[in-house]
Amino acid sequence: MTLTEPLISTQDVCLHYGDDVVLHDINFSVSEREIVTLLGPNGSGKSTFLRILIGALKPTGGQINHRNGLRIGYVPQRLSVDANMPMTVDRFLKLGKRSRKQTKEKWVEQVGVGNLLSSQVSHLSGGQLQRVMLTQALMADPHVLILDEATQGLDQPGEASFYRLIEQVRNEQGCAVVLVSHDLHVVMSASDRVICLNGHVCCEGAPTIVSAAPEYRALFGLGTEGALALYRHDHDHTHDHNHDGAQNRDANHKHDRDHDHKH
Amino acid sequence: MRLRPFSPTLLLIMLDDFMFRAFLAGCGLALAAGPLGCFVVWRRMAYFGDAISHAALLGVALSLGFSLSPFIGVLVVAVIVAYGIARLSGRLFAVDTLLGVAAHVSLALGLVAVSKLSGVRLDLSSYLFGDILAVTRGDIVIVWAGSLLTVALLIWRWVPLLTSTLNPDLAAASGHKVEREQMVLMMSLAVLVAVAIKLVGALLITAILIIPAAAARVFSKTPEQMAVIAIVIGVASVGSGLLLSLYADTPSGPSIVVAAGIYFILANAVMASRRQTV
């Protein structure tokens with residue numbers, strides 16, 4: 001087990017649905033203990049790319065490699081819990097493979113879902129469901145945690161505490177983390193790399209740790225305690241943005257600042 | 001057959017040769033229909049069930065044409081249709097419509113083919129609505145063998161099936177092959193259709209799958225509970241339906257489904273009254 005070998009890597013991955021090119025030329029890798037944040041506007045293919053990473057979707061072209069025996073802890077955006085399927089949180093957690101009772105108890109306590117064990121999964125709030133999903137992912141003792149917009153339903157303090165938990169897990173367990181952020185500018189400050197995706201990799205870099213200056217408090221709210229950071233995009237190209245109607249209207253996607261629009 | 005109501009002969013009735021055989025066969029069916037029905041409900045596969053069971057009529061026609069036992073003909077067609085649907089369902093859009101077309105066209109084709117092949121006018125109602133009272137000892141063996149096979153298959157793949165039902169991506173990340181689990185379900189459905197066609201008939205197979213499961217939902221907190229309770233309600237429906245057909249002189253297959261329907265209504269009444277008291 002070489003430390004230098006990435007856990008997951010892709011070369012020139014592309015995905016087409018007929019004539020529709022969703023992803024192209026994606027070269028990506030994640031190594032042990034790395035935290036990588038993926039962000040991009042709606043419809044950019046980030047969730048699709050995540051599905052390729054976890055092996056749920058086969059790319060149309062290119063290669064994807066998993067290290068031998070790789071264990072992935074996947075935290076999906078939602079669970080298609082049919083109202084017809086009864087499922088307690090406890091039973092759901094037991095569905096994962098080979099987790100010993102002590103492992104389960106440890107994570108239940110650390111993530112804080114102990115009081116939810118006998119609740120029905122379909123009755124959980126957004127934040128509660130995310131924590132349950134995280135618990136099941138951690139119970140698999142993963143090499144890499146992959147989270148799909150895990151903080152979408154949470155308010156800023158909730159998001160910050162979730163990120164702090166992830167960072168703690170990375171520090172204690174040594175696993176890598178790939179997370180898709182639902183926000184275009186605000187990311188987990190502990191990210192080692194941020195990748196902006198919109199069909200392909202638009203830019204890549206490190207987040208800017210925001211100072212404790214009061215001007216930024218308004219932006220980040222109280223109680224975030226440095227868990228959030230800004231990411232400055234650095235695009236040398238543009239995309240065809242249709243600004244008609246509600247279709248591409250993403251409130252977070254601002255066209256000022258560093259984006260020069262030429263193509 | 002006249003009976004004195006509320007008499008100790010109730011027990012004797014069930015031990016009566018043909019009634020007991022019918023009940024035994026029905027229990028075998030309920031054993032498999034319970035858990036499989038739960039998956040049909042959870043995964044919204046009722047249309048798939050219809051497509052396979054209606055196409056089974058073509059299997060009947062085949063078996064008449066080739067002088068095979070109807071069970072073999074139905075099993076072959078059911079497996080082929082199940083396989084075809086499993087392979088295509090990921091790739092096609094508007095699957096519901098296609099399945100509806102396939103189901104009803106194959107049913108009609110089967111009816112036409114049977115009328116042409118049988119020479120004498122064949123009473124098709126036994127294939128459409130079942131003829132559970134005519135089960136032989138051999139039939140019981142087939143029903144139980146098919147059911148036990150189905151149940152064994154479901155138990156073997158239980159966790160992967162549940163996980164891929166909850167979230168196919170989660171299942172893939174855990175290393176399960178989602179398409180393979182879907183194929184397992186479709187094959188189980190094919191076996192159940194072949195087994196059930198003589199008991200409840202092609203038109204009522206989906207009912208016997210989904211109604212006990214839907215009724216069981218009310219009382220369940222986990223998927224396993226729902227599967228077991230669905231079996232219990234299935235057995236109760238078979239028993240009540242057979243008694244109903246005996247007392248009221250109604251056709252037995254539909255009576256079983258009526259009984260299941262009544263249990264479904266009762267279960268929901270219980271749920272509604274629970275909500276009021278809470």
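1. Starting with chain B: 50% of its 278 residues count as buried, where buried means 20 or more other C-beta atoms, placed from the backbone, within 10 Å of the residue's own. Keep in mind that this is a predicted model, with local features needing pLDDT of at least 70, side-chain atom pairs counting only at pLDDT 80 or more, and totals for chains, interfaces and linings using all residues. As for labels, residues are numbered from 1 along each chain as its sequence is written, and chains are lettered from A in the order in which they are written.

2. Chain B has 13 helices and 0 strands, taken as DSSP runs (H or I, at least four residues, for helices; E, at least two, for strands) numbered from the N terminus.

3. On overall dimensions, a compact globule of 278 residues would have a radius of gyration near 19 Å, and chain B agrees because its own value is 19 Å. The radius is taken over C-alpha atoms, and the globule rule is 2.2 Å times the number of residues to the power 0.38.

4. Now the interface: 21 residues of chain B are in contact with 19 residues of chain A, contact being C-beta atoms, placed from the backbone, within 7 Å. Helices H2 (17-42), H8 (158-166), H9 (168-173) and H12 (223-248) of chain B each supply at least two residues of the side touching chain A.

5. Over in chain A, 3 strands make an open antiparallel sheet ordered S2-S1-S4; strands pair if DSSP finds at least two bridges between them. S1 (residues 8-17) of chain A is joined to S2(A) by 7 bridges, and Thr10(A) sits opposite Phe28(A) in S2(A).

Definitions and conventions. Two residues are in contact if their C-beta atoms, placed from the backbone, lie within 7 Å. A residue is buried if 20 or more other C-beta atoms lie within 10 Å of its own, exposed if 12 or fewer, and partly exposed in between; C-beta atoms are placed from the backbone.
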